[in-house]
Amino acid sequence: MISQLSWKIGGQQGEGVESTDRIFSTALNRLGYYLYGYRHFSSRIKGGHTNNKIRISTYPIRAISDDLDILVAFDQESIDLNAKELRSGGVIVADAKFNPVVPEGIDARLFAVPITAMAEELGTSLMKNMVASGASWALLGLPLEVFNKAVEEEFGRKGAAVVEKNIEAVKRGAEFVLEQAGGPLNEFKLDEADGRQKLFMIGNEAIGLGSLAAGCRLMSAYPITPASEIMEYLIKKLPALGGTVVQTEDEIAAVTMAIGANYAGVRTMTASAGPGLSLMMEAIGLAGMTETPLVIVDTQRGGPSTGLPTKQEQSDLNAMVYGTHGEIPKIVIAPASIEDCFYDMIEAFNLSEQYQVPVIVMTDLQLSLGKQSCEPFDFQSIQINRGKLIEEAPELEAQQLFKRYELTEDGVSPRVLPGAKHGIHHVTGVEHDETGRPSESAVNRQNMMDKRLNKLNGLQIRDGLRIDAANETPDLLIIGMGSTGGTIDQAREWLAKDGITSNHITIRQIHPFPTEQLIPHLQQAKKVVVIENNATAQLAGQIKMHAGFAEKIRSLLKYDGNPFLPSEVYKACKELD
Amino acid sequence: MATFKEFRNNVKPNWCPGCGDFSIQAAIQRAAANVGLEPEELAVISGIGCSGRISGYINAYGLHGIHGRALPIAQGVKLANRELTVIASGGDGDGFAIGMGHTVHAIRRNLNITYIVMDNQIYGLTKGQTSPRSAEGFKTKSTPEGSIESTLSPLEIAMSAGATFVAQSFSSDLKQLTALIEAGIKHEGFSLINVFSPCVTFNKINTYDWFKQNIVNLEQFPDYDPSNRIMAMNKIMETEGMLTGLIYQNTQRKSYEDMISGFGADALAKQELSLSEEQFNKLVAEFK
Ligand SMILES: Cc1ncc(C[n+]2csc(CCOP(=O)(O)OP(=O)(O)O)c2C)c(N)n1
Ligand code: SF4
Ligand SMILES: [Mg+2]
């Protein structure tokens, strides 16, 4: 019996890799396993090699694995590209149609299943993914009923006949391979899962769900990889809640529409990736200057320009922290798990109203699109805080304006929504006085700049630093952000076996930077390594600038478009000078 | 009921004496009173330019945004609170140069807002450069030998983008302008009102007198039918866009708000934010 296993399916884009993966993992989730998915895809819609990998485990995991146990291949290219990941004694399930061969030097067992032929027998080659997944499921010796239930849900809306045919395809694939193998493979027999109900979703779905829980009822956005799933999820859900999604003409319209809607009182968000974020910059300044709440999600991908649109990167950090001309208060939060994606959206909407500032939620492609198991979300913990929003302003004398930008001790002013009887005031991106009227007075300018910029002094978000500091004076402090946490923890396990002690901090509050909280940890560690998916060490730059310790800090950078593998982190940490 | 005086505030406009924008401000104030609005029921969203300052000169909720983006902001306001009357406003550069993409798509989208363009055929605030509305050959600081680009026809563009309300007026004709703004506010969909608004400081060609000599009022054509799209398009072309009055109105097409699936008649901003536990559980169940 084993506690974990890695499974991968590869083929041409558009060949059913996605749906196979979906059914396979839904069934595993029902059985209570912890899953971590990774999608490798090109930006072509049809054609081009694509593969999905799932790591299956009886205990929580948050990283892809280095190696692979089972590879399901629809073509020889999938074998050639992925077989090197197979651990010795691994299995390839491939379509007999292309006369699959195991590449030289790879020790793997090949099952050539007449995948296409069987599917065609049943009426359409479209069902070959069902034959293939049935075969690989059977090799694991897992109960077929659970799998069939997932098939039923996937195809249910196409009618009973289609469901039946697909289930038959699964059965034929399973029977064929079991006969060849002489029954399920013992070395792939997974321990039973803990049976606890988990959720299984991508980060973008958790962001969508979190937004709904936060009271977001409008989204304005322009499609882009890897952010589009957020709008696609919300447009399915918002109508039932009275809200909607507007697909705008560009990201400038998306962000300014969101600003207009937030100004008028609806929690509204937009989401994009680097190119869209770049277009939003001027408007982010408007939100900062007019103290209008705003929530933006940036799902980072490979930059610059169009860059690597379907690949992993964490290179928009500086753009998020520094973007927009002039100086405004702004919050940047980086969720580091599916759970964070959910809870951080609630926090982002709350912070945006409490401080009346733009909040950027930063994810990366792997976090946004990687499908993972996560703990059920706690409904009771959802709290909505609208800060100093007031329903009605006190009655004023004729022609007097409500002081929307009243100078207060904490810099946050009472806010009233358009429509309120006595709340009339002006809002402008031009420097303004307490009532919002343009003002060029030097004294006013200084007061207003200080008011805005001091609002976030001392801000500490929930888990701004996620600290795993079991060692008082660790050999190594590893710092990361976003989706890399699980990979780092996996590497730390291996380092511990080699006698290297390490602590791990995930920086979640990217801006304003949690300097004070971080310094003691930097002090304690003998060495510090900052791990990030970019070429210019942007996170390390923030740490050095705010907290110092430049002499201790090393960087491990990866910007080839792929997430870090645990082995890479392990190796780099071992070899640290 | 509020009178137009209640839409005035005590801010003194920084427009040059004689600027056409003053009359547009007055017309908005009068129209708002005439349709029975209270100041707090109106939101004026403006762009950047001399014209863009207008939102600060009317006693109503006002947002002065960024250059070219008045329309998407205004649409956001309307989506959030459809009980508000929303007027978007700005210059010809704001709406037809930097913001042209938004203008076309706002027209297509057809939210129930009124867009008033203060068209002076020049960039006023930046002190006299060419605009998409400048005539060919028009000499400005940025086109010292005369503009060599063709003049944009916002009316034709609006028609071809599927506009449901297209009107044009002249800032000197306060009566017509006020009536058109009233009609625009009442129209249930997007209304575009392009207003010739002379810039007395930087545009010495398109002056008050020049407009008086060159525009034709649609009233002169008793058979004109603003519900006839072809007639409207013909008239715009015949007059080379120098016509005033209600050019086209389609009362059949529903507004965007009325077509959004599940969108209520009340302000979205007034809805409860929290999900019920039942709603929440239903959403979560999909991920099991
Ligand atoms: C992004 C950006 N680019 C340029 C400017 C400078 N700018 C301000 S107003 C304006 C044009 C004004 O012309 P118009 O919109 O016709 O308004 P008018 O002043 O004529 O009323 C320009 C170019 C700006 N504010 N923002
Ligand atoms: S510069 Fe022209 S548009 Fe601007 S205020 Fe003066 S007259 Fe009006
Ligand atoms: Mg102009």
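**Entry 1: strand 5 of chain A and its neighbours**

I began with a single bridge in this predicted model: A:Gly90 has A:Ala108, in strand 6 of chain A, as its bridge partner. Strand 6 (residues 108-113) of chain A pairs with strand 5 of chain A in the parallel sense, over six bridges.

Next I turned to strand 4 (residues 68-73) of chain A, which also pairs with strand 5 of chain A in the parallel sense, here over five bridges. One bridge I noted joins A:Leu68 to A:Leu86, the latter lying in strand 5. I followed the chain between these strands and recorded a right-handed β-α-β unit, made by strand 4, helix 2 (residues 76-82) and strand 5 of chain A.

Is strand 5 of chain A mostly covered or mostly uncovered? I found that seven of the ten residues in strand 5 (residues 86-95) are buried, so the strand counts as mostly covered, buried being under 20% relative accessible area.

**Entry 2: the magnesium ion in chain B**

I asked which residues coordinate the magnesium ion (ligand 3). They are B:Asp92 (OD), B:Asn120 (OD1) and B:Ile122 (O), at 2.0 to 2.1 Å. B:Asp92 belongs to helix 3 (residues 92-98) of chain B, whereas B:Asn120 sits in the loop between strand 4 (114-119) and strand 5 (122-123) of chain B; the two are 28 residues apart. I recorded both B:Asp92 and B:Asn120 as buried.

**Entry 3: the annotated span**

I consulted the UniProt record, an unreviewed entry, which places "domain: Thiamine pyrophosphate enzyme TPP-binding" at residues 48-195 of chain B. I noted that this span is 32% helix and 22% strand, and that its end C-alpha atoms lie 17 Å apart.

Conventions:
Residues numbered from 1 in each chain as written. Chains lettered and ligands numbered in written order. Predicted model: local features only at pLDDT ≥ 70, side-chain atom pairs only at ≥ 80, totals over all residues. Heavy atoms only, no water. UniProt positions renumbered as here; feature names shortened; annotations may be inferred. Helix = DSSP H or I, 4+ residues; strand = E, 2+ residues; numbered from the N terminus. Buried < 20%, exposed > 50% of the residue type's maximum accessible area, 1.4 Å probe, protein only. Pairing = 2+ DSSP bridges. Right-handed = clockwise from strand over helix to strand, strands pointing away. Donors = N, O, S within 2.8 Å, 3.2 Å for Na, K, Ca; no water.
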